[in-house]
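I set out to record what I looked up in this structure, entry by entry.

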Amino acid sequence: MGRFLLLDLESTLNKGGGYMNKFVFFGGKGGVGKTTSSASYAYQCAQKGMKTLVVSTDPAHSLCDIFETDIGSQMKELRANLYALEIDPEQESMKYIQKIKSNMSKTVSPVIISEIEKQLDAASVSPGSEESAIFDKLIEIINVYGNEFDKIVFDTAPTGHTLRLLSLPELLGGWLDRLLEKRKKALQLLRMASQRVKEAEEKLDSDPIIEILSQRKENLEKARKILIDNKMISFVFVLNAEKLPIEETKKAVKVLEKYQIPANDLVVNKILPESMQDEFWRSRKELETKYLNEIYEVFNGKTIIKVPLLNSDVRVNDIERIAKYFE
């Protein structure tokens, strides 16, 4: 992931980091260079005077390695105008479950709280719990920091994890609608069965469970509006000119389109030099050219940025040196 630099971007990155929107997600298969791309883009935005936050949602955080400093879950200033944050999935999942327990204590009978808490503890390690917790953190970042920062750049986890994350508003929205409907029906039945009509109506109007579900749904709807707004969000896929990354990117773009999330930019990483003398590398270059042609054909109409291969790891000095290529 850390071996490639953005060095051939003059034609597409000529607006000082401003050609993309306010919220920029860099995604793709593991090891293709998402962190290098997101860090370089964020650094250039900051250099141009934009207050920029770069956020890692990948459990295997690499931002700290590129910038050669500890970052963690508390926002840290790296340079003038440049801030970073690493989302810890396990920590956010624990906070998410704790928040549910806190809300539950106000709405559920103490008699059954202990049993429900056991089920919640089991749920905290179940599939999907971390994605839901991380998505809550993304909502918080978008809603709380959206006005404070000019750019928020997300360095995401490998494709499958990211797609599950971004599809949550659609999936959870319908689920919350059903929960709200069932809760309202239950309270209406209670009101019909109650002899104290006024008290039952007050309970319906101020039900804490409905309040919690409604707030959750409102937050999801806010995030969803941003995710499908092609004037607010840019999703950049990073890939290599090889068969498997291309196939994975095809599927990922289709999934995002299904959820109406715009994906208009691609970074093709690890491009070999033109002058290859060795027979092995000439063969590799021919294969690469074939796949590049396929990329241009399949992703016709999208911005495609070619990224050359370097012979060294990317470190903080490299990020500073390549910032000019985002001008």
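**Entry 1. Basis**

I note that this is a predicted model, in which local features need pLDDT of at least 70, side-chain atom pairs count only at pLDDT 80 or more, and totals for chains, interfaces and linings use all residues. Residues are numbered from 1 along each chain as its sequence is written, and side-chain values use heavy atoms, with hydrogens and water left out.

**Entry 2. The whole protein**

I looked up the secondary structure and found 11 helices and 8 strands. Helices (H or I, at least four residues) and strands (E, at least two) are DSSP runs, numbered from the N terminus. The protein has 327 residues, of which 47% count as buried. Buried means under 20% relative accessible area, exposed over 50%, and partly exposed in between, with a 1.4 Å probe and protein chains only. I then turned to contacts, meaning heavy atoms within 4.5 Å. Among those between residues at least 6 apart in sequence, 79% join residues at least 24 apart.

I recorded α1 as residues 34-47, with 14 residues. The distance from its first C-alpha to its last is 20 Å, close to the 20 Å expected at 1.5 Å a residue; the expected span is 1.5 Å times one less than the number of residues. Of the 14 residues of α1, 13 are buried, so the helix is largely enclosed by the rest of the structure.

I next looked up Val-54, which is found in strand β2 (residues 52-56). Val-54 is buried, with a relative accessible area of 0%. Leaving aside neighbours within four places in sequence, its contacts include Ser-38, Ala-42, Leu-63, Leu-82 and Val-153. Val-54 and Tyr-43 are 11 residues apart in sequence, and their C-alpha atoms are 8.8 Å apart in space.

**Entry 3. Helix α9**

I checked the length of α9 (residues 243-258): its 16 residues should span 22 Å at 1.5 Å a residue, and its end C-alpha atoms are 23 Å apart, which agrees. Which residues of α9 are buried? They are Pro-245, Ile-246, Thr-249, Ala-252, Val-253 and Leu-256. These residues cover an arc of only 130° around the axis, which puts them on the same side of α9; the arc is that of the directions from the helix axis to the C-beta atoms. An α-helix has 3.6 residues a turn, so residues three or four places apart point the same way. The face turned away from the buried side carries the exposed residues Leu-244, Lys-251, Lys-254 and Lys-258. Gln-260 follows α9 and has a positive phi, near 60°.

**Entry 4. Helix α10**

I found 20 residues in α10, which reaches 29 Å from its first C-alpha to its last, close to the 28 Å expected at 1.5 Å a residue. Its buried residues are Lys-285, Glu-288, Tyr-291, Leu-292 and Ile-295. Seen down the axis of α10, they fall within an arc of 130°, so they line one face of the helix. The elements against which they pack are β6 (233-240), α9, β7 and β8 (303-308). On the other side of α10, Glu-279, Glu-286 and Glu-297 are exposed.

Asn-293 also lies in α10 and is partly exposed, with a relative accessible area of 48%. Its C-alpha atom is separated by 9.3 Å from that of Ala-241, 52 residues apart along the chain.

**Entry 5. The second largest pocket**

I took a pocket as an open set of points on a 1 Å grid over the protein atoms alone, with protein on both sides within 12 Å along at least five of seven lines; lining residues have an atom within 4 Å of a point. The second largest pocket has a volume of about 170 Å³, where grid points are joined across faces, edges and corners and the volume is the space filled by probe spheres set on the points. Among its lining residues are Asn-240, Lys-270, Trp-281, Arg-284 and Leu-309. Helix α10 (residues 279-298) gives the largest share of this lining, 5 residues.

I noted Lys-270, in strand β7 (residues 265-271), which has a positive phi of about 70° although it is not a glycine. Lys-270 is partly exposed, with a relative accessible area of 27%.

Notes. 1 Å grid on protein atoms, 1.4 Å probe; cavity = no way out; pocket = protein on both sides within 12 Å on 5 of 7 lines; lining within 4 Å.
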